[in-house]
Each structure stands twice: as C-alpha cells, then as structure tokens.
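Trainee: I would like to learn how to read a few features of a protein model. Could we take them in turn?

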2 protein chains.
Amino acid sequence: MNDKIERTQERILSSQQKRKADFILRNAQVADVFNLQWKKADIVVTDGIIVAIDDEGIFEATYEEDANGGYVIPGLIDGHIHIESSMLPPSEFSKILLPHGITTVITDPHEIANVAGAAGIQYMLEDAQSAEMDIYVMLPSSVPATSFENAGATLNAQDLKPFLSHPNVLGLAEVMDFPAVLNGQKDMLQKIIQTETTRNIVDGHGAGLDASQIRGYRVAGIQTDHECVTAEEAATRIQQGMYVLIREGSAAKNLRDVLPAVNSSNARRFLFCTDDKHLDELIDEGSINHSISLAIEEGMEPLQAIQLATLNAAECYRLYQKGALAEGYVADFLLLADLTTCKPQAVWKNGKKVAENGEICTTRNDSIKVPSLILESVHIPKLSLQDLAIPFQNGNLANIIEIEPNQLITHKKVAKVEVENGVFVPSVEDDYLKLAVIERHHHLGNIGLGIVHGFGLKKGAVATTVAHDSHNALVCGTNDADILLALAELQKMQGGYVIVADGKVLSALPLPIAGLMTDLKAEIAAEKLHDLHKALLRLNPELKFHLFLTLSFIALPVIPSIKLTDTGLFDVTSFKHIPIEVISE
Amino acid sequence: MNDKIERTQERILSSQQKRKADFILRNAQVADVFNLQWKKADIVVTDGIIVAIDDEGIFEATYEEDANGGYVIPGLIDGHIHIESSMLPPSEFSKILLPHGITTVITDPHEIANVAGAAGIQYMLEDAQSAEMDIYVMLPSSVPATSFENAGATLNAQDLKPFLSHPNVLGLAEVMDFPAVLNGQKDMLQKIIQTETTRNIVDGHGAGLDASQIRGYRVAGIQTDHECVTAEEAATRIQQGMYVLIREGSAAKNLRDVLPAVNSSNARRFLFCTDDKHLDELIDEGSINHSISLAIEEGMEPLQAIQLATLNAAECYRLYQKGALAEGYVADFLLLADLTTCKPQAVWKNGKKVAENGEICTTRNDSIKVPSLILESVHIPKLSLQDLAIPFQNGNLANIIEIEPNQLITHKKVAKVEVENGVFVPSVEDDYLKLAVIERHHHLGNIGLGIVHGFGLKKGAVATTVAHDSHNALVCGTNDADILLALAELQKMQGGYVIVADGKVLSALPLPIAGLMTDLKAEIAAEKLHDLHKALLRLNPELKFHLFLTLSFIALPVIPSIKLTDTGLFDVTSFKHIPIEVISE
C-alpha cells in the first residue's frame, strides 16, 4: 500500500507540474474516445500513467518525442483470443503484436488447459507476466470439451475458483456447453456464479443459438458473444443485453457481415476480437488494427472504429484504466503512420516505446522457463503396424469422414473401400486415406481409427498434436509405415507438425510447449511453418486449401457431422460412436 | 452457493418455458436502452429476474397484468444522494420515492457519519436492508469535513476499510478535500487506493476545479463529478475521463445548464443525480423522474434521457444487472402514465408491484430499531445567559456574517453593533441577530458565538441540529432567553428543528435519528415541516427565502466567505478563525 501511495503521490505532483514528467509525446492529434473528437495536444506521462493531455504546451519532461501532428490513439485491445492458436507462448506473442499496436489481449487458454489443466493456465499467467503487453486470462469453462474423448485434464468449478482472485484473471471464458447451461447443470452454474460473485465477467459462445436459447444464457449470467455471423443476429444479442465481439480471425471472418448492426445508439456494446489467428497472418497484418482498417473500409467513422477497439473493450472487460487517452489512464498508445489503415509508426506501452516501424524495440519480456510437465506432455505409445489395422469385410460399405476444405464441419460419406487380408487399405486414387487419433496424455492406450476423404495426399503422412479440443496425436496418411514414422517423430519432438513421405521426414515444426506452442522465436517458427506448407505440396501438388486448419478440427466431436476421437468414430448428428464398417442388417 | 444455483436453475427453466413464470406484464412498449428503441413485447419475470422480453406472446405465468400498450422503462437510478437531507431514514425514503419510479439510489451517508461515525454508516446499511428500494452506499471520505470544527466522529482509511466488502457498498463518496488530494495526503490516498483495489468506484466533487486540478483528481483515481454547473465544464470533465452526474436537487439545480453538453457520441458518460433534495419536494415531484421530465422539456429524446437515468447510472456504478429491460436483468420497471412527464402509473421492484398511481402498495420495509447511540446523539449542555454573552467594547466594529438568501456562500460585513453593559445586544431593527453553534457530540463545552445579518427575524429564535457538516446545535435568535429555550427544546427532542418566540415553542419537527432524520411517517413529517414554515412567518412575516436551508450551511467552513463553527468565527478566505470584535490597531 505504501508503495502505491508513493507512486500516486509522484504522479499527482507531476500532474500539477511540481515535478518533471517522465515523458512527453508532443504535437499529437489525440483521439478523444469519449467525445469522438480529435484534440491537438501533448501527452504527458509519469510512472506509466497519463498525467496530462496538455493543449497549452506547458509541461516539461525528462524525455520527449514529437508526433509531428500525427494521429495518436489508445492501445488496441483484443477482446477474445486463444493465444495458443498463434503457436507462440504469451511472451513471444506479445513481441509480434505490439508492433501492430495491440497492447492488451484477453486470452482464453482453452487449448493448453485441455492438455495440462490448471498447470497450463498457471504457465500462461506466468509467462504473460514477462510480456510487455498486458495479457489477461479468462478461465476455460469447458475442459474437457466433451465426454466423447480423452483430454489431458478435467477442470471443474472448484479447480477454477483459486484463479478468480488472480489480478490478471478477468472471468470465465466462452461457455460453449449450452445444453449444460440450459439444463441447469450444477457444476456449470457453479462456474458461472462463482465468477459473478467475484465481480468477474462470463463470456458466451452463442454459435447458432436462437433468441430463446440466448434467454437461458442471459439468465444464467452470460454477458458476451463473439460468434455472431450476421448483423441481424448481432442486433438481437445487443437487445438481449449482451456485448457483441465482432470477430475477424484466420478461419472465422465475420466483420463485414456483422458491422452493419453497429450504429451511434448501440456502438458502446460492440468491440473487436480475433478468436483464432495464425502466426503468419499475425506477423503480416496484426489483429485488431486490421479490424479497424476493415471497419473504416466498410464506411465506419475512424474514431468510432477506434472506440470499439479501445474504450468499449475496456468497459466490457472492466479494465477501468484502459482504452482511453485521458488523465489517470494507462499510457498505452500508438502514433499512426496512416489513419485509414491503422498502421502504427510507433507504439508506447506504459509510456515506454516498445515498437517502431513494425519492429519491437524493447529488451524486456524473455519467456519464462517452461515447467517440465508442460514440456513433456506428449506420450504416444510405441505402435506397431498391427495397432493401425482396421479389420474390414471385403465388400462391405464404410462410414467415411468427408472433409469440407477450410471448414470445421464434415460430412458422412458411405462407400466401398479397398480391403486386403481382412483389413482396410488406403487408396490415393479414391482419396480414401487412413486417419488415427492416439490418446497422448495419460498412457490410456486409446487409438481411434477412421477413413477420411478429401485431403488428397498422394503419398506419405501428416501428423500433429494440434487437434481441437483435446489435442491428442492426430495423423492422416497414405500408408501405415509413414503413419508410424510421423507419430514417432511427433513423439520425439514432443508435439508439433510433421510431414513424412517414403520413410523420410520432409519437414517439421516442433511445438514442445504442451504440444501446442513453439519455443522458437516467432520469425523462425514462421519460416518453418512456411517450409511445412511447401512440403505439403510434395504430398498433394494440387492442394488449394488450409490442410492443417481443416485437419486440426477433425477430432472435435461437437461440430457436425462425423468426427474421429481417441475413442473412435463419432456421429455428431446422432451424438454417438459408430463403427467404421457398415454392417448390413 | 447451492441456493444460488437452485434459483438460477428455476430462472433458466422459466426462460425456456419449462416452468410457468411468476409474472408477466403484457402488451408493453418496452424501452430498449441499448438500441434506443421501443419494442412491443411482454415482460416475463421469475424470481425477480427478467427471463424473457417476449414479442410473440408465448409465455405463461402464475400472475399477469396488462400494460395496455403503455411505455415501460427500467427502474430509475439516482447516482448520488444524501438520504439524510430528506430527513427520512432509508426505509421511509424508499416508500416516498418508489411511487415516483426510483428503484435504486446510491447514497453518501456523509451527514450521519459526521454525527455517529461507523455506527452511522452501519445503521444506514441496515435500515436500507429493510427497504424495498435498492439503496447502495458510498463511504464518506471526509469525516470530519474540516479541522476547524468538532464533528461527532473521525473516519480514516482504516475505519472505512471493513465496509468495502459489504455487498451494498459501491465505493468511496465524493472526495471533497481537493487540497488533500493535490498535496498527496497519505490517508486520503489510502482511502482512494483501497477502494480501487477492491474494484469499487471513487466519486469526486469537482466544484469550481479547473482542468489542471481535475488532472490531479483523475491521476489520484477519482472517476465522477456531480458539481458541474455549465455545459462547458461538463464537456471538459468528460474529455478528462470522468462520468458527469447531472444534478437537479433542491438547492443546486444544474440540469438545464449542463444538458447541452450531452450528445449522441458522449451520452454514455452522463447520468442524473439529486445530491440533496427536501422532503416536501421529494413527495411532490420525486427525483430522477423529474430530471427525465426536465431533460425532455429541454429537447432531449425521451429514450436518451431514460438511458441516462438507467443504463448509464448502472454502468457508472458497476451494477451490471440493473438499468435495462433484457433477459438476466433485475425486474425493476415502471409503466408510465405519460412519457414526457415520466409519471409512473405503476412501479415494479424485483418483479413485484410496489406502487400504483403514486401510492406505495407494499407491506414490507418497516424501519429497523434505531440503535440507542444514534437516538441519543444530542448532548447540548445546560446553558445560562452568561454562556451566550459576546463581550464587546462600545464603539468598536464587528465582523458580521451576512447571508445570501438561498445560497451557501456568505459575505463578511463590518459594522457597528449595539452594546449594553459590555456585551453585544441583538437588534431586530438593524437585523443584527445572535448566532450560536454549540458542540453537541462529545460534551466538549464549545460554544461558538457570532453575529448574523439577513435572516430578518423580528422576534424569537430558530434552532436546529441540521448544520452541515458537523451537525452541531445551531441557533439564531433575537434574544438570549428564546435562544436558551430553543436549545433546551432541541436537547429534549434529541435534535430537529424548533421555532420559539416569547418564551413559547411555536413549532417543532423532532429529528431524533442522529439529530438529522425523523422517526415519523413521511407524510406526518411533511405536515410538521409545513407547519414549521408557517411558524417561521410569525418570526419574519416578510420571509421570501428558504431560511432553514440557508441556516444549515452557515456552519460549514469550506464555503466562502465567513462562517461560524463550535470553535468560533471562521474566515474562509484567510482560512483562519477571527474575532467578532474588530480591534483597531
């Protein structure tokens, strides 16, 4: 308390010009997100806090810079992201996004929690502490995602409770299990109620829910939705008392469709998020800065778009000192090189310059040492050819997973497949390949086997431990030898992506942090990722879609129509496991 | 927790039509304060929470009413009030304001805290519990208000801290002592910082402060201001990151002046409050309903005015389930008889009708038993004529308090006064009357004496224990005998207002709760108040101003220019005590 008082005393002295300020950014066009106006002024900072927006030029500071009349806006806030989707740990993620002007993100460590449970959340919180960016955490509400697969952990309300008092925890992350909510399932309600009781916020996940279902969500205490895909849907959510996070990520791009719902009366209830965005796109275009740029392109007033990305996000997530440029606010801001593209020339975090011309310029935020539990999370058993055999009667029909390129959904295809010696044999001609999901958390020995159509591999195999939401080992291959090799390589590098063909590893990106994130520098990881994509073309020269993305959702048994988990083939429509072989009755 | 879960389960079931709702108000024009639109729908309530805004008429309930197409708006919120100024305890205050549609108030028990300290706050919190209205408390930040007088208590940061975890405490009340803030006074900063740490809000009191002083306020952590008197000042406050509470009370009426600052871009940062409003006016015109009506009269869109009075106030004070009509919100609403006057035909609190046609219709909320400490707070010593003597040299000039009718400020008048036997003698001809402030809390024996000009009493004396902010016994009289009688009567009835003349009590309103609030029903207290005002005319038949109001601020030594406390005459301009007698040098 004494330290806080002394720091506040220094800031007050500085605000009253009784002490030199630490830093002044002079001659700025300062965004006033309360009135939606620009104001020509100096931004005066002491101890990381704005102590004056001074339009008289009367302040002095130890260090000064000149904005030369450029636009300065508050640091941008991503309302909902899964950092793991970037394949970077929080500290490295921070280095990539700060140059784009993102100074605060609210992350849901849903992926690592499904691998490492509470220890995964703890790791993300701790690594985030070493980041220059402010990284807040929403506690994953659905670990495991379903009971039809084996994840690395189970987190019930009691497991989450201790985290609620952590200063960087803002609430409960996207409550996906809407049947649990609408049926009043006790542990789910406890998760929500204990969050509200500590005055934290509860995020929703209203994908495809109608107004009646949203009623149940709202009554349960859910306050946000980032799954709106139309303006009409968004307008309904607002009317029902929700905040709407307009999502623009790698897979889901909803901004252009949802934006027409925003008007001057209801704008305060809208903010931006990315949800999932890939490493290469994050490096190239950033995240929320890109959302602002798109919104301006769609005709929104720049200051209105900036308000969504700053003040509105801060209000929604109850970050009362963030999201605006005024006295008492945290000194996070960016000088724009160009307003309409929202491209930052320089970025300040807590009043300190952290990026310039797209490059990070801070020596801080080295990653923390990753706990060994999290670095050794992949436990794929040594498998034999026999383990991969799919017994099959010649002439029978097979239930086949037919993918839809770049989509999370699949279709059930029923067709004849090739059989030799009583077992299924993959066919590159018909594009009936073998798919396997190997439980990799608890040595359970589960191997789910299936047949997939649509990946179009002509040889080799592709394997990964990024397989939503349980992140078991997932492999798709044209022959069992390459499948075994890919799995062995995955085990050796403790997770990641691997491409093999003809008994050789063609390319690999190790993701040893929980099998989800790299321990490499972002740029090196990006190069390896680029290399992986090139190697994929050697397996399928005609490849036109994002194979990894499509593959990574093939094990998620909550999205239609037919999926494969470590416990076997799962028919999402009938919500039960089904055999591969269609036995005629 | 189990009870909360079960209640949430029932509400969810009801939202999904799997259980009859408790209550439906059918055929309403429902205010959507998120989009600023009206929506024709039924409002469906279970367990005090809105479970559906249903535009299809598909819900059923145990009990129904019909709004016949009338406008229904969320319950109104008063952002800042001192309930003591109504002279009613919270439970009785609730009965008067609910019929006007005020369902939530945020009160600063500054007055009772200056009399009874923490016990006074505790009493207000407990009595509020028995009220049907939601009464939240901001903790008084300035007890005592100054060091130039003796209040009943001192509350430092440590004294306030235990209250911060009370569910009905929302933060720290109006921080008035701006020099303490700008000088970084430790206990003041501790009060603010401990409030922020518990994620509560800190109210400001920026009366007359300029943008530079507000910088210090903001940097210290102060978030609101209800003292704006011009639109320009309000616009500056908003730009500096504050919420502005537009005040319309009995003494201070700022609405018409401040309202032009509100526009569609910044409206979210404005709300309404009354600060201080008297019993008779509360009964006659209500409070925030009156603010809405005035705002509409001034040309504001009705829904915009309603939003200020509901959603904006709820957001500012972090009452996340209040201020809107949508699923998950508390079922506080009013059916309007007329939109432009904002006159409620009926009022529901937690889904239960509590008022109809201006009359309360609930049997709940009896006041709690008042602790004896608070009922026996007036300790005026038995005084003699000698105690009231003001020694004076004949021919010398006197420093005289000259009042300004209906204003809090006074002026210093220097004039010759009548002297007999070496003591000052009041003169009704010259209107130089005697003023006395008698310490009444701790038997200190302090008697402050002074001379006042402007009250115009022709006979008798007027006394009260309502004397901001220390609420000592205050008396103004034309002769010492009546002054002594008035004080004796005040002691007998344990505070209140008393009017005496010619050795007789003409009229009295006992306020035995801390010497500030009545234990009578509001209507009876209002009659007695009316009677008091009539009796005043017998002392001054020409009376044209609010004598009690003007009198009650004459002991407040923070407002210019010259005041009287129990420690003597105080010159606010030079900020020190001065003698009555001007001694020529």
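**Salt bridges, a strand and an axis**

Mentor: Lys352(A) counts as partly exposed, because its relative accessibility is 40%. Keep in mind that this is a predicted model.

Trainee: Which side chain does Lys352(A) meet in a salt bridge?

Mentor: That of Glu132(A), at 3.5 Å from N to O. Lys352(A) is in strand E16 (residues 352–356) of chain A and Glu132(A) in the loop between helix H3 (110–129) and strand E8 (134–139) of chain A, so the bridge ties together parts 220 residues apart in sequence.

Trainee: Is Glu132(A) buried or exposed?

Mentor: Buried, because its relative accessibility is 5%. Over all chains, the structure holds 60 salt bridges. Asp134(A), Lys322(A), Asp332(A) and Lys349(A) are linked in a network of them.

Trainee: How do I read the faces of a strand?

Mentor: Side chains in a regular strand alternate between the two faces of the sheet. In strand E13 (residues 270–273) of chain A, Phe270(A) and Phe272(A) lie on one side, Leu271(A) and Cys273(A) on the other, and all are buried. Strand E12 (residues 243–247) of chain A runs parallel to E13(A), joined to it by 4 bridges. Leu245(A) has Leu271(A) as its bridge partner in E13(A).

Trainee: What rotation and shift superpose chain A on chain B?

Mentor: Two copies of a chain are related by a rotation about an axis and a shift along it. Here the rotation is 180° and the shift along the axis 0.0 Å, with an RMSD of 0.1 Å. That is the relation of a two-fold axis. The C-alpha of Ser264(A) is the nearest to the axis in chain A, 3.3 Å from it. Both copies use the same surface: 100% of the contact residues of chain A recur in chain B.

Notes: Residues are numbered from 1 along each chain as its sequence is written. Chains are lettered from A and ligands numbered from 1 in the order in which they are written. This is a predicted model: local features need pLDDT of at least 70, side-chain atom pairs count only at pLDDT 80 or more; totals for chains, interfaces and linings use all residues. Side-chain values use heavy atoms; hydrogens and water are left out. Buried means under 20% relative accessible area, exposed over 50%, partly exposed in between (1.4 Å probe, protein chains only). Helices (H or I, at least four residues) and strands (E, at least two) are DSSP runs, numbered from the N terminus. Two strands pair if DSSP finds at least two bridges between them. Copies are superposed by least squares on the C-alpha atoms of residues with pLDDT of at least 70 in both. Contact means heavy atoms within 4.5 Å. A salt bridge is a side-chain nitrogen of Lys or Arg within 4 Å of a carboxyl oxygen of Asp or Glu.
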